[in-house]
Every structure is written in C-alpha cells, then in structure tokens.
Amino acid sequence: MFARDHGYSLLELLLTIAIAAMLLTLGLPSFSALKARNTQRVEINALFHAVHLARKGSIMRKQVVSLCPTADGASCSPGRDWSGGFLVFENSDRDEPPELDDGEILLYRHLASPTVKITANRRGFTLRATFLRATNGTLVVCDRAGRVMPRALVISYTGRPRVAERTPRGAPYSCAD
C-alpha cells in the first residue's frame, strides 16, 4: 500500500486564492457603498436628534436655542459648511447668525465624520419656544467619494425635521463643490 499525502497541491491552492480574490473584488465596492450609506445615516440622525433637542430645549427652558456649524468644536464657524460638525446651545443674546458667546450654555456638540460633506442654506438654525417661528432650511449630507446619493434634512418653520432624497421640484439633491 501507498501512503496518501495529506495536503493541497499547488494547483488547488492557486485556484482557491483566485476564487477568493474574485469574490473580494466583486464584494468590496458594495461593502464600501454600504459603509458610506451607514455613515451618511449616522450624520443625518445626529442632525435630526440635535434639532429635536433644540426644540425641546427651547420649550423647556423658554429660551432661544440655536444650532451652528463648527470646525473646532468650540465656536461657530462662518459660512454654510457644516462638515466639521455642529453645536447646539442656548442663545441668550439671540444673535443672528447664531454665535456661541461666553456664558451661553452648550447643550450638545457633534464632530462629523471626515468622509461626509454637509452643506446648508443657512449659517445657523434658531428654535424659539413661544414667540415667532423657527429658522427653516435644508442641510444636505453627501459622501465625499460619491458612493451614495445625497440626502437632506429639511427643517420646517415649526422646527420639525424630515429626511428627503429629492427637492420639492422632484430633482435629486446635489453636492455642490
């Protein structure tokens, strides 16, 4: 009797590696889109919850509560680029556009993922408890690599947010450079 060799031949090993490489090549692009979609969802949810926190804070505190973009996590940034993150704070002096001043209470801070680009049509959003109305507007959240379609958080005059994939005219949102 002959002793049977235990193991794999070079041909079997190369064939297995080739099949694994082909599966990875096909699967990685869809995985990166899945990851980008998840990151986009995380940022939209953070904005959504921040707007609700600001609404609730303005009603409970009977104060003006504002959201503004931030690049450093400590002060409001000028402009409409929210890609660095945002601050939610009690805007005691009611300045427009909102600015976090000394003595104002910071309620929430969020630093955004570097893989997303967030732009808004406002420099800040203000929610008021009992007088006037909230600042309405739209924040568009885009994947910097363009792997997923942009989505927007639309804030109404009453301060209620909703997520949208298309503009009121039916066109998809775009990521302006």
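1. **Basis.** This is a predicted model, in which local features need pLDDT of at least 70, side-chain atom pairs count only at pLDDT 80 or more, and totals for chains, interfaces and linings use all residues. Residues are numbered from 1 along each chain as its sequence is written, and side-chain values use heavy atoms, with hydrogens and water left out.

2. **The sheet.** Four strands make an open, antiparallel sheet in the order β4-β6-β7-β8. Strands here are DSSP runs of E, at least two residues long, and helices are runs of H or I, at least four residues long, numbered from the N terminus. Two strands pair if DSSP finds at least two bridges between them. The edges are β4 (116-120) and β8 (161-164); each has a single partner strand, so one side of each lacks a neighbour in the sheet. From one strand to the next the twist averages 20°. Strand β4 is joined to β6 (residues 137-143) by 5 bridges. Lys117 has Cys142 in β6 as its bridge partner. Helix α1 (residues 10-61) lies across β4, β6, β7 (151-155) and β8, at about 5° to β7. Such angles run from 0 to 180 degrees between N-to-C directions, with axes fitted to C-alpha atoms, for helices over the stretch in contact.

3. **Disulfides.** The whole structure holds 2 disulfides (a disulfide is a pair of cysteine sulfur atoms within 2.5 Å). In sequence order, the bonded cysteines pair 1-2, 3-4. Cys68 and Cys76 have sulfur atoms 1.9 Å apart. Their S-S torsion is about -75°, so this disulfide is left-handed. Cys68 is buried at 0% relative accessible area, and Cys76 is buried at 9%. Buried means under 20% relative accessible area, exposed over 50%, and partly exposed in between, using a 1.4 Å probe and protein chains only. Cys142 and Cys175 form a disulfide with sulfur atoms 1.8 Å apart. The torsion about the S-S bond of Cys142 and Cys175 is about -105°, so that disulfide is left-handed. It links distant parts of the chain: Cys142 in β6 and Cys175 in the segment after β8, 33 residues apart. Cys142 is buried at 3%, whereas Cys175 is partly exposed at 31%.

4. **Aromatic pairs.** There are 2 aromatic pairs in the whole structure. Rings of Phe, Tyr and Trp (its six-membered ring) pair if their centres lie within 6.5 Å; planes under 30 degrees apart count as stacked, over 60 as edge-to-face, and the rest as tilted. Trp82 and Phe125 have ring centres 5.6 Å apart and planes at 55°, so the pair is tilted. Trp82 sits in the loop between β1 (65-69) and β2 (85-90), and Phe125 in β5 (residues 125-127), so the pair ties together parts 43 residues apart in sequence. Both Trp82 and Phe125 are buried. Phe86 and Tyr108 also form a tilted pair, 6.1 Å centre to centre with 45° between the planes. Phe86 is in β2 and Tyr108 in β3 (residues 106-111), 22 residues apart. Phe86 is buried at 1%, but Tyr108 is partly exposed at 31%.

5. **Cores.** The largest nonpolar core has 22 residues, and Leu67, Trp82, Phe86, Ile118 and Leu139 touch the most other members. A nonpolar core is a set of buried Ala, Val, Leu, Ile, Met, Phe, Trp, Tyr and Cys residues joined through side-chain atoms within 4.5 Å. Two or more residues each come from α1, β1, β2, β4, β5, β6 and β7. Helix α1 gives the largest share, 6 residues. Beyond four places in sequence, Ile118 contacts residues including Glu43, Leu47, Trp82 and Leu139. Contact means heavy atoms within 4.5 Å. A second, separate core of 6 residues includes Val140, Cys142, Ala152 and Tyr173.

6. **Glu165.** This residue lies in the segment after β8. Glu165 counts as exposed, at 52% relative accessibility. Residues up to four places away aside, Glu165 touches Pro150, Arg151, Pro172 and Tyr173. Glu165 and Ala152 are 13 residues apart in sequence and 6.2 Å apart in space, C-alpha to C-alpha.
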